[in-house]
Amino acid sequence: IHILNGLSNFENDEKNIIMLSPHPATDIEKIKLLQKEICPNLKINYVLGESTYNLLTVAKLVVCGYSTIAIEAALFSVRSVRVAPLGSFPLFDYEELIPTIHSPAHFKKWIENQNLNNEMKDTEKNELFSLAKKYFYKIDGKTADRMWTFIKEQTSLSQDINYPKKKIFVN
């Protein structure tokens, strides 16, 4: 709802396409009803059955709430902005490269100052990649291997613990 509120001052233009890739747990029909109420004149393309990560390969800007997709977009050299109501408790540290917008008017003013149709400079791409590295331990595709190794180590440690043979119940 916050993202739709942020978009409520916008109109479609021929240069930009708005694609909405909902979280899998989100009720898409509720979002469509809210869109008709909050921003009925805005054409939004609902993308279902396609990974949000695939959409990042063609995106110029990611608009989200307090989602990690704002940081993950940096891996694809895609700018992002968070939309959150004023006074909401932030779930992430403030990042200069990921501004937080609190009102439709603020969002419209911010986006008008962006140059989204031009190619991103290498310095900005490097800054975004550094931001992603700050949040993601290693970007090597082996996260699952490290997780399973850790779980196996924990399992073998628990087998070495001498548990008491008598069970003690306390009422």
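How many aromatic pairs does the structure hold? The structure holds 2 aromatic pairs, and 3 salt bridges. This is a predicted model, in which local features need pLDDT of at least 70, side-chain atom pairs count only at pLDDT 80 or more, and totals for chains, interfaces and linings use all residues. Residues are numbered from 1 along each chain as its sequence is written, and side-chain values use heavy atoms, with hydrogens and water left out.

**Salt bridges**

- A salt bridge here is a side-chain nitrogen of Lys or Arg within 4 Å of a carboxyl oxygen of Asp or Glu.
- Arginine 79 pairs with glutamate 124, with 3.0 Å between the closest N and O atoms. Arginine 79 belongs to strand E4 (residues 79-83) and glutamate 124 to helix H6, so the bridge ties together parts 45 residues apart in sequence. Helices (H or I, at least four residues) and strands (E, at least two) are DSSP runs numbered from the N terminus.
- Arginine 79 is buried at 13% relative accessibility, whereas glutamate 124 is partly exposed at 23%. Buried means under 20% relative accessible area, exposed over 50%, and partly exposed in between (1.4 Å probe, protein chains only).
- Lysine 134 bridges to glutamate 95, the closest N and O atoms being 2.6 Å apart. Lysine 134 is in helix H6 and glutamate 95 in the loop between E4 and strand E5 (100-101), 39 residues apart.
- Lysine 134 is exposed at 56%, while glutamate 95 is buried at 11%.
- Glutamate 119 and lysine 125 meet at 3.4 Å, N to O. Glutamate 119 counts as exposed at 62%, and lysine 125 as partly exposed at 26%.

**Aromatic rings**

- Rings of Phe, Tyr and Trp (its six-membered ring) pair if their centres lie within 6.5 Å; planes under 30 degrees apart count as stacked, over 60 as edge-to-face and the rest as tilted.
- Phenylalanine 107 and tryptophan 110 have ring centres 6.3 Å apart and planes at 25 degrees, so this pair is stacked. Both lie in helix H5 (residues 104-112), 3 residues apart, and both are buried.
- Phe10, Phe107 and Trp110 form one aromatic cluster.

**Charges over rings**

- A charge sits over a ring if NZ of Lys or CZ of Arg is within 6 Å of the ring centre and within 35 degrees of the ring normal.
- Lysine 108 lies over the face of phenylalanine 10, at 5.6 Å from the ring centre.
- The charged end of lysine 32 sits over the ring of tyrosine 46, 5.4 Å from its centre.
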